[in-house]
Amino acid sequence: MSGDQPLPQSAAPTTEPGDLTPELIDTDIWTDEMVARAGIPVVPVPFVTVGGGIGSFVTVDYLRIYGVPAQQIVVLTGLDVPWQSYEYLTRVSQIPRTERLRSDSQSRPDNIWGFPSYALSEAFAAKSLKEFLWPLWNVFTEPILTNYFTPRAGQAFSTMEKEMNRIGYLQSVRKGQVRMVRRRAGGGYYTILTPPAGAAPTKRIAYQSQYVHIAIGYPGLRLLKDLQDYRERYRDPTKVVNAYEPHEQVYDQLRIRPGKVIVRGGGIVASRVLQRLIDDRDKYNLRTEILQVFRTFYTGPHGKNVFNRRPGGHGWAYQGFNYPKSVWGGQLKEKMAKLEGDARAQAYEEMGGTNTPFRKDWLEQLKRGRSQGWYREMQGAFDSLRPGPNGAGVVVAMSTQHGALEEYADFVVDCTGLEADIRESRVLADLLDHSGAGRNPKGRLDVNAQFEVIGTRSRPGRLYASGSSTLGGPFPGVDTFLGLQISAQEIADDLARLGFVKRLGPGRSIAQWWRWARNRPI
Amino acid sequence: MLPTLNGRLQSRILVTAILGGIWTLIITPVLPTGAPLGESYKTTFIILLTVIVLGVLWEFLYHFLQQFRWEKDWPTSWGLFTGINEGLLIWLLINLGWIPGVGQVPGWAFVIQFCTTWFLIWAVQNGPLRVPFIRWRFNGGRFL
Ligand SMILES: Cc1cc2nc3c(=O)[nH]c(=O)nc-3n(C[C@H](O)[C@H](O)[C@H](O)COP(=O)(O)OP(=O)(O)OC[C@H]3O[C@@H](n4cnc5c(N)ncnc54)[C@H](O)[C@@H]3O)c2cc1C
């Protein structure tokens with residue numbers, strides 16, 4: 001009997017059985033004994049995908065179609081359905097089910113072939129000749145006479161639901177929050193899930209798998225420093241909002257009392273917010289005044305030479321999708337795949353940046369606002385925010401090309417991105433600290449062309465990632481439906497090379513498509 | 001479409017040869033050529049071959065024009081409309097007698113063959129081809 005003799009399990013006395021032990025937390029590569037010592041139940045399964053959003057869904061869809069049985073796949077997620085996070089973000093940022101998304105007709109998360117495209121499906125579901133012809137005309141003449149065809153949010157969700165049921169996706173779902181993924185001595189990985197309180201006898205469950213796929217979407221909301229400072233200092237979350245947060249109250253208030261809104265940003269979310277403000281203005285005869293602030297202000301077409309000119313004007317850069325279209329399959333996809341390091345980072349700079357699609361209705365609204373004097377745009381960067389006189393409204397101090405300036409507004413709607421550092425996600429931070437993952441030239445998770453996270457291999461297992469946390473890799477279009485599908489295809493083909501599943505050749509592809517077309521389960 | 005130069009050439013050659021070949025086999029007997037079937041097949045297949053050979057040259061021009069587009073894409077409608085310049089050139093060459101092995105071809109026979117073949121290839125490349133070849137659209141139109 002002696003208190004100074006370390007106990008064999010050396011676990012902190014507070015650790016309950018089935019929880020992470022300090023030994024596990026501190027060890028990069030886990031042995032089966034360590035996990036057993038902690039009392040964490042182990043569930044073996046060949047393939048685990050973490051996140052359960054659209055990225056996980058399309059990856060599972062590919063694997064199921066390639067021939068992996070549902071029992072060999074586990075999806076670890078807090079979501080009930082794969083589009084839940086996405087639908088939330090689109091709804092708050094002003095894209096309800098009836099509005100159109102930003103991606104093109106072939107970007108169908110419910111259909112790995114992209115045929116028939118959304119436009120074709122919309123046409124054949126039409127109830128009138130006009131509704132039949134319009135989508136077809138649109139895809140035929142885009143982007144020359146018309147803007148790119150984009151599907152309605154509702155169409156994307158209902159078709160995903162159908163595919164989710166067809167492939168029996170929910171069979172593979174296990175609810176909970178993933179805490180970490182660690183390499184396993186002897187190959188493969190352990191993925192630690194924290195199930196919802198009371199749902200399982202232990203605090204954690206370990207999924208032991210050969211392959212892991214991480215698709216956790218946005219690591220977090222990025223509130224720019226000025227915004228964060230304002231929130232912390234003045235404890236006021238109502239007058240200064242981020243567009244990705246629920247902010248209906250702004251529109252409600254403007255209906256009660258006329259007001260001025262500062263919209264910051266020049267991306268599609270800014271476009272949507274402006275559209276909502278102006279639609280409301282028209283519909284309820286409001287007197288809303290709008291000032292839009294662009295950090296980078298484009299006065300016209302821009303780009304380094306005649307071969308690289310992007311349209312722009314009145315502050316905006318116009319581009320159908322978040323990158324030039326051919327990053328999803330053509331010249332720019334091929335070019336980017338060959339670039340590394342600084343050259344890659346610079347190419348990202350040139351093609352990306354904030355931009356919005358060119359849509360006639362939006363342009364018309366802004367033109368009207370400009371000529372009637374209730375909409376104004378300017379170049380500027382926020383320095384600080386403070387409450388207005390007597391606590392009403394907000395005063396924004398800005399630096400502009402013409403010097404410092406202050407603007408008063410009743411509300412500030414910040415439409416800058418969801419670009420939090422990958423460390424904001426505990427799972428990704430843990431990968432960086434314990435599993436050999438590194439950062440790419442844009443600071444996100446470094447993946448190779450097969451979407452394997454470089455440095456994390458645990459032979460014969462592999463760890464893959466897709467979605468926004470991998471932006472900056474050899475393929476730029478990652479954070480889109482089509483990009484997630486391209487990643488999924490690369491992953492499925494890589495797994496086929498490893499012998500986990502059979503590669504999908506033309507014959508089986510046609511057979512599988514035919515099943516899809518008749519909505520036959522697999 | 002999002003072609004690369006290599007993808008353009010591969011798609012042009014393979015799709016025109018295989019799909020166009022099958023279509024030529026089917027349609028030739030009903031074309032108003034006024035010639036015996038053997039003779040007609042010879043003519044229609046040489047025309048198809050011309051679409052491929054000249055097409056390879058055209059693709060270089062299209063690729064060059066594509067460089068002026070920020071998106072580096074090739075709009076769907078252009079894929080159809082380029083049939084006009086290509087068709088007219090071949091018709092001109094036939095009438096100048098510059099296509100070896102092809103003599104007089106009745107206008108309607110040419111128009112029907114060329115337009116249906118062109119339309120078929122265009123339509124298939126803009127959709128159904130993605131069903132057997134799931135990697136084709138992500139690889140700039142390359143098969144290999
Ligand atoms: C407003 C908006 C509009 C967009 N519009 C389009 C569009 O029109 N077309 C297009 O192609 N793309 C669009 N995108 C981009 C992209 O396609 C979507 O964001 C898509 O949902 C990304 O899928 P994902 O799987 O990467 O992330 P998500 O769908 O967000 O799913 C990731 C899930 O992982 C969960 N998660 C995170 N950490 C853990 C953890 N530790 N354990 C368990 N679960 C975890 C998250 O809660 C989340 O639910 C849009 C994005 C936004 C924000």
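**View 1. Burial and overall form of chain A.** Of the 522 residues of chain A in this predicted model, 57% count as buried. Chain A holds 16 helices and 20 strands. Its C-alpha atoms fill a box of roughly 80 × 65 × 45 Å along the principal axes. The radius of gyration is 25 Å; a compact globule with 522 residues would come near 24 Å, so the two agree. Of the contacts in chain A with a separation of 6 or more, 66% join residues 24 or more positions apart.

**View 2. Surface and charges of chain A.** Chain A exposes about 22300 Å². Carbon and sulfur atoms supply 53% of that area. The chain carries 66 positive and 54 negative charges.

View 3. Ser469(A) sits in the loop between strand 20 (462–465) and helix 15 (481–497) of chain A. Is this residue buried or exposed? Ser469(A) has a relative accessible area of 1%, and buried means under 20%, so Ser469(A) is buried. Beyond its neighbours within four places in sequence, Ser469(A) is in contact with Gly217(A), Ile422(A), Leu428(A), Arg444(A) and Leu445(A). Glu419(A) lies 50 residues from Ser469(A) in sequence. In space, their C-alpha atoms are 9.2 Å apart.

**View 4. The fold of chain B.** Chain B has four helices and zero strands. From the N terminus on, its elements run α-α-α-α. The C-alpha trace spans about 45 × 30 × 25 Å along the principal axes. For 144 residues, a compact globule would have a radius of gyration near 15 Å; chain B has 16 Å, which agrees. Of the 144 residues, 54% count as buried. Residues 24 or more positions apart make 74% of the contacts in chain B with a separation of 6 or more.

**View 5. Surface and charges of chain B.** The accessible surface of chain B comes to about 6600 Å². Carbon and sulfur atoms account for 78% of this surface. Chain B has 9 positive and 5 negative side chains. The centres of the two sets lie 8 Å apart.

**View 6. The interface between chain B and chain A.** Here 32 residues of chain B are in contact with 47 residues of chain A. The area buried between the chains is about 3300 Å², and carbon and sulfur atoms give 57% of it. Which three residues supply more than any other three of the area that chain B buries against chain A? They are Trp70(B), Arg135(B) and Phe138(B), with 26% of that area.

Technical notes
Residues are numbered from 1 along each chain as its sequence is written. Chains are lettered from A and ligands numbered from 1 in the order in which they are written. This is a predicted model: local features need pLDDT of at least 70, side-chain atom pairs count only at pLDDT 80 or more; totals for chains, interfaces and linings use all residues. Side-chain values use heavy atoms; hydrogens and water are left out. Helices (H or I, at least four residues) and strands (E, at least two) are DSSP runs, numbered from the N terminus. The radius of gyration is taken over C-alpha atoms; the globule rule is 2.2 Å times the number of residues to the power 0.38. Buried means under 20% relative accessible area, exposed over 50%, partly exposed in between (1.4 Å probe, protein chains only). Contact means heavy atoms within 4.5 Å. Accessible areas come from the Shrake-Rupley method with a 1.4 Å probe; for residues, only the protein chains shown count as cover. Lys and Arg count as positive and Asp and Glu as negative; His and the chain ends are not counted. The place of a charge is taken as NZ of Lys, CZ of Arg, CG of Asp or CD of Glu. Buried area is the accessible area (1.4 Å probe) that two parts lose on being put together, summed over both.
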